[in-house]
Amino acid sequence: MVRDETANAHFDAVVVGAGLAGLYMLHRLRQLGLRVRVYEAGGGVGGTWYWNRYPGARCDIESMEYSYSFSPELEQEWVWTEKYPSQPELLRYIEHVADRFDLRRDIRLGTRVAAARFDEAASRWVIRTEPGEGAAQVSGDDLGAGAEETVSAQFLIMATGCLSAVKSPEVEGLERFRGGCHHTGRWPHEGVDFTGRRVAVIGTGSSGIQCIPIIAEQAAHLTVFQRTPNFSMPAHNVSLDPETQRARKATYPDHRRLARESGLGVPVDLPVKSALDAEPDERERRYQENWDKGTLFGILVAYTDILIDTRANDTAAEFIRAKIREIVADPDVAAALSPTDHPVGTKRPCLDSGYYATYNRDDVALVDLRRSPIVEITPKGIRTADAEHEFDDIVLATGFDAMTGALLSVDIRGKGGTSLREKWAEGPRTYLGIATAGFPNLFTVTGPGSPSVLSNMMVSIEQHVEWIADCVAFLRERGIASIDPSVEAEDAWVEHVKVVGDFTLYPTADSWYMGANVPGKPRAVLPYCGGVGVYRQQCDEVAAKDYEGFTLSS
Ligand code: NA7
């Protein structure tokens, strides 16, 4: 925790994280004239897109949606090359943004915020840093990288990302493995050459599903260890031709407005009909149209009740299972790849490029861990209940401690020295997913209890950053020293998030949305399921009523 060291530098705001959220937060606060410092554990800007460099890493929201809208000039001048942007292209974009808005001079790379304590007498945060994981990658001319220092700030803004604390598989012996072992979320910058090697991939979420087809092409042999099959649909990724881009750019303001008002942060035609009221032929046609389009959310919003009624959901799930049976030649493999334990959409659906067809290759094998679980990792490979498999490399596509992992990795202490870890021991408690009672002047960008991962993250990030910046401006104009949600407002919001979540099918799955992928993590619907448009109105109403539900202290 932060000892009683004296801060050696003072800021108006400290932002933790230089991903898409942290960079825009810095830009907005600077426009207000604030003195801001950003700390970033990585060796460069980019957050998710800095760390996730595995083969095939790609965003599954279209590039022209998954991009900043705050600057019409940026929006017009940047040229995307593909419908779905690859990780290298996204990282180039983010680096361009950092340069274009001259953001780098306020960012301290390779530096992790280890602890933060609220000093009640001063109404300021005292923040201690240490070297971050990316310190070694920071180029020599970046002064101060990895510094251990203590600074103070009136506002502490956590822009730490929803999927940044990586989760290793909870299996014995990982450290004994003598080959190469890489987590998709911490991929080596120099890349990994799998040519001629025997490779294992553990995990079949989005990361596994994206890297498996590419690793299969390179490796001598690939074995996929699957615990839970996931629903995946083809991305049909294509190059973006200039005409398509020109057309979108011409209507960008309208398009962005529709995205902000939508449920998922992407404009879609809203369904009017229950899947159960549609004739089987009509349903088939509609699902097929979405399958052919290659959109993440299309099938989930094809009818009004896909995400709220199991029978409706099963019509879509069965459509995808039939596709798997059609694509995968071996019926046993097709059955193992077909999800039957959760409704489609309740675990993050995936978009792929040739995923299911990869299992038709002679040099690819699937191990169904439900039948034969992993017993241990040995020096030579992976031992399951009924076989020992030898490998040169193991790829861990085992996901993240989502939404709360990165926030709680910092020892945050609020009023009376209360620790955030203790306060959230039974699950996260926030007001609007943006603040938490007893931790004044602390903001969480896309925190638990906000739509975040159930939306196009760019739309949610911009909305939160703008709301927080407006709030900070309001407080400073009035000379208000601190803002803290009331326990009552927070309790009501937590209850609201639960009620809306319980109305959906999300609680029926053991997903990271529910915190269910991390042993011992409390089970709760972590994101707000009410939709970004509705949520924005709720946040705006709170602000319009002079931050109703918050206590403001001079
Ligand atoms: P995910 O979606 O959490 O997927 C992780 C996968 O790893 C999933 O199939 C897990 O199976 C599997 N897993 C996790 N731990 C183990 C162990 N111990 N043994 C075997 N298998 C395991 O993470 P991703 O990185 O793929 O995607 C994260 C998000 O990034 C994605 O949803 C998009 O929003 C972008 P399980 O399902 O838990 O049985």
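Two strands count as paired if DSSP finds at least two bridges between them. I start with that rule, as the first entry rests on it. The model I am reading is predicted.

I looked up which strands pair around β14. Strand β13, residues 374-377, and strand β14, residues 381-384, are joined by three bridges and pair in the antiparallel sense. Within this pair I noted that I377 stands opposite I382 of β14. The two strands make a hairpin, and three residues lie between them.

I then followed β14 to its other partner. Strand β15 covers residues 387-390 and runs antiparallel to β14, with four bridges joining them. Here G381 has E390 in β15 as its bridge partner. β14 and β15 also form a hairpin, this one with two residues between the strands.

**Entry: the ligand**

Which residues are closest to the ligand? I found E170, S207, R227, T228 and K347 in that place, within a shell of 20 residues that surround the ligand. By type, the shell residues divide into seven nonpolar, eight polar and five charged.

I went on to the polar atoms. An N or O atom in the side chain of K347 is 2.5 Å from an oxygen atom of the ligand. For R227, a polar side-chain atom lies 2.9 Å from a ligand oxygen. T204 takes part through its backbone, with an N or O atom 2.9 Å from an oxygen atom of the ligand. I also looked up how covered the ligand is: taken alone it exposes 780 Å², and the protein buries 88% of that.

**Entry: S207**

I came back to S207, one of the residues closest to the ligand. S207 lies in helix α5, which spans residues 206-218. Its relative accessible area is 13%, so I list S207 as buried.

**Entry: cysteines**

How many disulfides does the structure hold? My search of the whole structure found zero. I took C59 as a case. C59 is in no disulfide, and the nearest cysteine sulfur, that of C350, is 13 Å away. C59 is buried, at a relative accessible area of 5%.

I then turned to C350. The closest cysteine sulfur to that of C350 belongs to C211 and is 11 Å away, which is too far for a bond. The cut-off for a disulfide is two cysteine sulfur atoms within 2.5 Å. C350 counts as buried too, with 0% relative accessibility.

**Entry: positive phi**

Most residues other than glycine have a negative phi. I therefore wrote down the exceptions that I looked up.

S123 is not a glycine, yet it has a positive phi of about 50°. I placed S123 in the loop between β4 (111-119) and β5 (124-131). S123 is buried, with a relative accessible area of 16%.

D546 is another residue other than glycine with a positive phi, near 50°. I found D546 in the loop between α16 (532-544) and β20 (550-553). Is D546 buried or partly exposed? At 47% relative accessibility, D546 counts as partly exposed.

How values were computed
Residues are numbered from 1 along each chain as its sequence is written. This is a predicted model: local features need pLDDT of at least 70, side-chain atom pairs count only at pLDDT 80 or more; totals for chains, interfaces and linings use all residues. Side-chain values use heavy atoms; hydrogens and water are left out. Buried means under 20% relative accessible area, exposed over 50%, partly exposed in between (1.4 Å probe, protein chains only). A residue is near a molecule or strand if one of its heavy atoms lies within 4 Å of it. A polar contact is a pair of N or O atoms within 3.5 Å; within protein, one must be able to donate a hydrogen and the other to accept it, and residues adjacent in sequence count only if both atoms are side-chain atoms. Accessible areas come from the Shrake-Rupley method with a 1.4 Å probe; for residues, only the protein chains shown count as cover. Ala, Val, Leu, Ile, Met, Phe, Trp, Tyr, Cys and Pro count as nonpolar, Asp, Glu, Lys and Arg as charged, and the others, Gly among them, as polar.
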